[in-house]
Structure formats: C-alpha cells, structure tokens
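Student: I am new to this structure and would like to learn how to read its features one at a time. Could you show me where to begin?

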Amino acid sequence: MDWELVFTIRDALKRPLFAESEIIGGKSGLDRAVRWVHVLESASFERLIHGEEMILTTGMGASVDLPSSLSFMQNLIDKNAACLCIELGSYFSSIPQEMIDLADRHDFPLIIFTRTVRFVDITLDLHSLIINRHHRMLQELESISREFHRLTLTSQGTLKVLQLLCKSTRTQIVYMQLQGKPLFFPALPPEEQTPLLSFFSATRDELEGAQPDAAPYICEYGHKTIAVKPVGALDQTWAYILMVCNHKPQEFDCLLLDSASLSIAQELLRTRYMEERKLFSENLWVEELVGGRIEDDNRLKGLAGPDFNVVNELPYRVCLIEIENPRDVKWNSSENEWESITFHLSLILRSIFEKYSLRPLITLRNNRLTVIALDIQSKLPGKLRLQQALDALQHIRSDEKLKDLQLVMGVSKSHRGLKAAHAGYQEAVQALSLYSCYQKSILFYEELGVFQLLLSLNDGKTLETFIRSYLGPLIDHDEARGSELLLTLRVYLDHDGSKQIAARNLFIVRQSLYYRLDKITELLGEDFMLPENRISIQVALRAYQFLYPEKFTLPSSRSAQL
C-alpha cells in the first residue's frame, strides 16, 4: 500500500495548523494513533473520552495548581488518550517541568501552541482526514476480505489466506494447528520458532474456552505484542492464528485477522463436512455391526479396514443418542434441513470426542445416532472422559436449529472386541428406555441398578404378578380413592424411613405423612418394614415405576391429598 491507514500524531503535526506548535514532552509516542479530536476544558472527564483522542485545551479546568495539572494529565494517560495539546495563554503561561517529565515517562506526547489557534479549525481539518482514512481502510478491508474468501475456493486456500494476511498487516503470522505442524509466514529459522512455540504452549490454558467469534486475545511477548485468534466453528476450535506485531495491533490489523480466521474456518468446515459425509457412507457397516448382522470375522476385518487389529483391541462403549424436538419447531424443507442438522451434530460430536481421546464410529437411523466410542487411552479413566464429552455435547448450542433440540443418551458397559458391539447396543437401548424413570439425559447401563434385572423379567406377566403380590392393596386403594400411598411409600423407603425428609419431598405436613403411613401399615401389615419384606417391596416399587413411570411423579409445591 502506498499510504498508511492509521492516522497518527506525527501525521497531525505535518498539518498547516500545527506550524506554530511545539512538542515538548513524550516525543517517543508520536506514532500513537488518533481516532478523534476532542476539546476538553473540564477536569472531570471520565465519561467524556473513550481512548486514542487528541485532547485540545487552554487549561481552564486543569491549571488551578500543579497537583491538579498533573492529576488531569495522569487521568488522560490512564484513559489512553493519544496526546495533550495546550494553548499557552491566560491559564498556562508555561508548562511545568513536572508535566514534561510525566509525559516523557509514559511516551505521552505533550504539545503546546505558542500562538492562539482556533480549535474548531483543527477539529474540522483533522476529522476530515480521519474520516477519509477510515473510509479508505474499510474499502481496503473489504477488498482483502473478498480476496480471502476467493482464495479459500482454490487449492491450498488456507496457506494463501495466511500469506495474504502476512503481507497485508506486515506482521509475522503463525498458524497453530491443533492437529498438525505449526506454519510460519514468513518462514522463521528454528531458533526463532522455539520461543514462539513455548510462549503459545504457556498461554494455552488462558485461551481455553475462548470462542472463535470473540475478539483477538492480546498479550505481550517481550518487546512485541501478539494477537491470538481462534479458528473454528460450531463451538469448536481447530487452530489458532498468532499475529506477532512490533507495536500494538491497530483496528485494521484485528479486523483483517478476524476476516482471515472466518475464511479459514469456512474452508475447514467445508472440508470436515465432506469428510463427515464420506465417513457416514463408509460407516454403514457400523449399523450392521450393532444390529448383530456381521458374524464372519473376515468380513468384519474387511469392513473395518487396515487398522482392524488395533481397533478390535480397544475398549469401547456404545452410545445411543436420541434427538428430540421438544418445542416442535417447524422446519421448511424438513428432509434437507434434518440432514444438515444431523451432519452438524455428528461433526460436533466427532470433534468433542477426539478432544477427550475417544474415536467415534457413527451411524444414523431416523432420529437416533449410534456411536461406538473407542477409547484411545489417556490418563483419565475412560468413563469419566466419555461423561465429560457427552456433557459437552449437551451444551452445544452454536446452531440456531440445534438449540431447539434435546439429546437423550443411553450408554453401554465397557466392551472389547467389535463383535460384542451388538450386546453393547442392546445395553444402550435398555438404558435409554429408562429415561422416563430417571429423568436424566445421560444414563449409563451399569448405573441402572435393579432395573437391569427388571428389564430381563419384563415379559408382560412376571413383573405384574410380582408387583401385585407385594403392592396389590396399595394399588387398589390408590385407584379407588385417588390417594398417593404408593408414591408416599417409595419416597419414605428411598430416604431410609426418615419422616422429616419424606414429608418435605412430598410437600405435606408431618401429620399427613403419619396418617398415610398408618394406612400403609394397615394395608400391608405390621411387618412390612422387616428387612426381607422391605427389600421385596422396594424391588416391587421399582418394577411399578418401570412399568408406570408417570404415576411416580413427585408433586411440585402442592399439598398432596389422600
């Protein structure tokens, strides 16, 4: 470019209206940017300026005494004003040496007008230049942004975008891929790469959680400044761009960094979307596997690919993810939009699982994603990492459509050997089927307790007979009187016979609970709390909850009536 985009104090001093001016302090700060010009005659200006303003004053509000003058100037420095221009005259006949020293310490230009000048002429002149330069900056930004977008449609688009970013900002650019080698534009010798990579490694924790659409993270690097920008989409970060500047990054630099990051993210998203489609078609065998339709070892080995032996030895869990639309949001072209949503979800899922050292094999049928989550090993236990990954998946809301969805998940026990995936799938199905009982969005099979046994006994008759033998009188009473003795008994036993806790959870007074317990004793017999009877009754209550979960809903804040 044959012109500079940032208007500086040095540029202002070249204007005719500054011919009679003199810079007496802070000469090292002449390259500070000037965003606006502001006439200030008040010592109380905290809400009047935003930063990078050239301040024009006669000193009317700041020349009471030396401490007031120094305080006025220090406040300007703290508010990041660009410089201070004082017209000598009635309020300041000369500038105290202490103010000059303060300006020098902070590289804060202190300029005096030895003759009377019209501040309105200065503001008109400089504002026209600033606005014009800002307009040219926006034009240049738009032009370069369009070029970024065009380059992403060519081969090796990401590399070309980074090269153009380096050229346009005249800075050192480092592209840190989370999976891949770092790239440097322009190239750096190894001895200069090492401290940069070490610095990035040390600041990774601070960048954790930074969203790609957030402003660049600014940090000091020796005598330089680094602007760090995450690259990603769908609430996921895939890389970071580091812009290493010899000065504080200007607005133009940060806007270009944002634009380059967005263009690269779009290319990465397109690539990942195509890879996901390919993986979906390649993983059709996963549906056959979990369906128990692959029994031949050689066929399974051929379908799984060359890394079959490694994959077959890894521990894994089968996750069944049911996608629900609780708000019944209407979509326009339902089939295409549903396909887009499921691909977005699988993209996010794959990225999250890989972050937690899990390799997902994904297949989709109707509104259910089936995932074989292979554990690639890590320091943390596999179940804990899978729980963290599923929790993260629950809180993804980057897409307008995804935020309307509810995910309910059933997870199998840990297995080894891909041929056991069918058994894992059945466990995940059983865990998912108990959502109405537990009202938990993530259910692990090994946490189902006695429900594991009840699921195997659910043949339509066995459980009903068992329930009637232990709870029949209570069931008949509740149906005939509209009472809640079954619910009361369940809550009472679940809290180890604590009347206080049971009454609180049922939202009834203690006397009402005593009456209900007396009625339960009358119907079940005095010995219903003996250990052998209590165990059987608790199992029967769980069986009843399994068959009729809606009848075991706890009251909210109402007082249940007998």
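**Reading aromatic pairs and a strand**

Tutor: Let us begin with Y470, which is partly exposed at a relative accessible area of 30%, where buried means under 20%, exposed over 50% and partly exposed in between, with a 1.4 Å probe and protein chains only. This is a predicted model, in which local features need pLDDT of at least 70, side-chain atom pairs count only at pLDDT 80 or more, and totals for chains, interfaces and linings use all residues. Residues are numbered from 1 along each chain as its sequence is written, and side-chain values use heavy atoms, with hydrogens and water left out.

Student: How many aromatic pairs does a search of the whole structure find?

Tutor: A pair of aromatic rings is described by the distance of the centres and the angle of the planes. Here the search finds four pairs, counting rings of Phe, Tyr and Trp (its six-membered ring) with centres within 6.5 Å, and calling planes under 30 degrees apart stacked, over 60 edge-to-face and the rest tilted. One of them joins F18 and F113, with centres 5.4 Å apart and planes at 50°, so this pair is tilted. Both F18 and F113 are buried. In another pair, the rings of F466 and Y470 have centres 5.1 Å apart and planes at 50°, so they too are tilted.

Student: Which strand does β9 join, and by how many bridges?

Tutor: Strands (E, at least two residues) are DSSP runs numbered from the N terminus, and two strands pair if DSSP finds at least two bridges between them. Nine bridges join β9 (residues 224-233) to β10, and these strands run antiparallel; V228 has L242 in β10 as its bridge partner.

Key:
Helices (H or I, at least four residues) and strands (E, at least two) are DSSP runs, numbered from the N terminus.
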